[in-house]
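Biologist: I am new to this structure and would like to learn how to read it. Could you take me through a few features, one at a time?

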Amino acid sequence: QTTEQLVKGGTDTSNVLNYGMGYNLQRFSTLNQINKDSVKNLVPVWNYSFNDDRSEESQPIVYQGVIYVTSHNATMAVDAKTGKQIWKSKVEYPAETPRIVCCGIINRGVAIHEGKLFRTTLDANVIAIDAKNGKELWRQKAADIKEGYSMTVAPLVADGVVITGISGAEFGTRGFIDGWDPATGKHLWRTHSIPSPDEPGGDTWKGDTWKLGGGSTWITGSYDPELNTVYWGIGNPGPFNSAVRPGDNLYTCSVLAMDPKTGKIKWHYQFSPNNPFDYDAVAEMVLADVNVEGKPTKALMNANRNGFFYVLDRTNGKLLAANPYVKVNWATGVDMKTGKPIETDVAKDAREGKKVTVYPSILGGKNWEPMSFNPQTGLAYANTLNFGGKYKAEPVTFKQGEWYLGMDLTDPWEFGDGPRGYLKAIDPMTGKSKWEAPSDIPRFSGVLSTAGGVVFSGALTGEFEAFDADTGKKLWQFQTGSGIEGQPVTWQQDGVQYVAVTSGYGGVYSLFSGDERLAKVPPGGSLWVFAVKQ
Ligand SMILES: O=C(O)c1cc(C(=O)O)c2c(n1)C(=O)C(=O)c1cc(C(=O)O)[nH]c1-2
C-alpha cells in the first residue's frame, strides 16, 4: 500500500503519515497501551538533538520505523527505535529572511509520498527530498521574500497533489494556496485567497486594496477523500486597520472547500468579515461524523481564533453550530441564518479608530496549536488562551518588505490575574467545557488524544504532560529541558506504543507577550520519544 492509501484507510497505527494524524486532522489514536493506569510509568526512550535554538513546532512523521522531523534549517531522519540519526540535510535561506517572518523562525514538518518528503522553507521554496538519503530532488520558488512572503506550513498530499500555503499577511502580501506535482515539482495550480476584481468575491474589496489584502494560508488543510475535498483555512486581512479596506474582504478569515486536483473553490464560509483583530481562520479544520439533532452529519469543526467554536456541514458549508469557547466581547453570537457574527460596539468602535479592549486578543481564543478530537468521548481537546487585548487602529502606509499593520502595538495585552490559558475538553455543539486544566502561562503545544483515555500536551516551561480525558486530572509529566511548542504524535512498533514530541522554546507568545516568567526557560531543540517502562 502507498502512504496515501494508508492515510486514506485511517486505521494504520504503525505510522504517522501526515500533519494531523489522518486526513481528518483528528490527532486521535486507537492505541491504548499507554492508558490512564500505565501512563504513570511512561519514561523517555531516547532524545535526539537538533543542534538548534529556535522554536520547534514540527510534527514528526513516522514511516516504517523512521521518524522524519524538521527545524527551520534542517530536515532529519532518525531511527524510531534507537534515536540514531540516519541523515540530516541542511536547509539554507538568505540571512535577511527573518526580517519578513512575523511570529517565529520555524517549520511545521514534512509530508511523505512515494519515497519522497516535501517541505517548505522560510524563504518560500517548496522542496522534495529523497526519504532514503536526504538528497534534494526538486525545488520550486513559491514566492519572493522581497515582497514579504515566507513559509512555515507543512504540505498536504491529497489526490496525488502536493498542496502548500503561504505566510506574510503582516507584510502587505496577497495570499494563495498552490498545487504541485510530487514527481516533478511542476506547478499545477494556484488559488488566491484574495480574489482579483474580476473574480467572484472581488467586489468585497475597494480599489487596489485586494493587492495587499493578506489572507495567509499558513496551517495545513484537512481532506475528505470520499468528497474529494480539501478544507483550508485563510488568515487575517491586511492591514489590521480595517478602515483602509472597507468590505467583507473575502476570503480572509474563511474556510475554503477545494478540489485538490484543480484548486477550484467548491464553497466558502467566512467566520469574521472585515476583521480588524488579526483573527486568522487558519487553525485546523477537523473532520468528523457527528450526530446533529439525531442525524449523522459530515461535519467540519474549527476552534476559531475569533473565540467561537464552529461546526459546519462539510458537504455544503452550512452552519450547524457556533458558540463561544472562551470570553468573547466583539460579538454576542453568530446569526444561524446568515452565518455572520452579531457584532458589538467593540468591533464597531475599533473600526472607527477608537481604543477598545477586545476579547479574545489578537492572538485569539486559540492560536495555531492544533486541537485533538476524540470520537469516543465526542470532545475536542484544545489549548485555549484566557486573555484580552488593547486595540487601537492607526494610519499605515505600505512599504514593500516591511510590517503593514496599522495597529498601535505599544501595550497590546489585557492580562487578568488568573491563568492565561486552559486546556479545555470542549463539546463541539455547545462550545461548553466538560473540564478545564489551567496553566498560568498558556500552552502553545498541539494536543493528542488516544483510546487509552489520555490527552497529551506540552507547556512553554518544558513539561510534557498527560491528562485524564474524562476529568482533566494531570496524570503524568516530564521536564524536556526547553519549552514545548511541538505537536505530540503516537504510533506502535513491534508491540510497543511510543509517543513523540519536539521540545524547543519560542513561538509567538514568547516573542510578544513580555511574560517575564519565561526568561529562565533554556532554548534548545530536540525530539523526545517515550514508552511505558516494560
Ligand atoms: O499571517 C501570517 O502570515 C502568519 C503566519 C504565521 C506563521 O507562519 O507562523 C503566524 C501568524 N500569522 C500569526 O498571526 C500568529 O499568531 C502566529 C503564531 C505563530 C507561531 O508559530 O507561534 N505563527 C504565527
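**Reading the model step by step**

Modeller: Let's start with Thr-480, which sits in the loop between β35 (474-479) and β36 (489-493). Strands here are DSSP runs (E, at least two residues), and helices are such runs too (H or I, at least four residues), numbered from the N terminus. This is a predicted model, where local features need pLDDT of at least 70 and side-chain atom pairs count only at pLDDT 80 or more, while totals for chains, interfaces and linings use all residues. Residues are numbered from 1 along each chain as its sequence is written, and side-chain values use heavy atoms, with hydrogens and water left out.

Biologist: Is Thr-480 buried or exposed?

Modeller: Buried means under 20% relative accessible area, exposed means over 50%, and partly exposed is in between (1.4 Å probe, protein chains only). Thr-480 has a relative accessible area of 5%, so it is buried.

Biologist: Where is Pro-341 found?

Modeller: Pro-341 is in strand β24 (residues 341-343). With a relative accessible area of 12%, Pro-341 is buried.

Biologist: Now the ligand, please. How many residues surround it?

Modeller: A residue is near a molecule if one of its heavy atoms lies within 4 Å of it. Here 20 residues surround the ligand, and Glu-57, Thr-152, Ser-167, Gly-168 and Ser-216 are the closest.

Biologist: Which side chains have polar atoms by the ligand?

Modeller: Among them is Glu-57, with a side-chain N or O atom 2.8 Å from an oxygen atom of the ligand. Glu-170 has a side-chain N or O atom 3.1 Å from a ligand oxygen. In Trp-218, a polar side-chain atom lies 3.5 Å from a nitrogen atom of the ligand.

Conventions: Polar contact = N/O pair within 3.5 Å; in protein donor to acceptor, adjacent residues only side chain to side chain.
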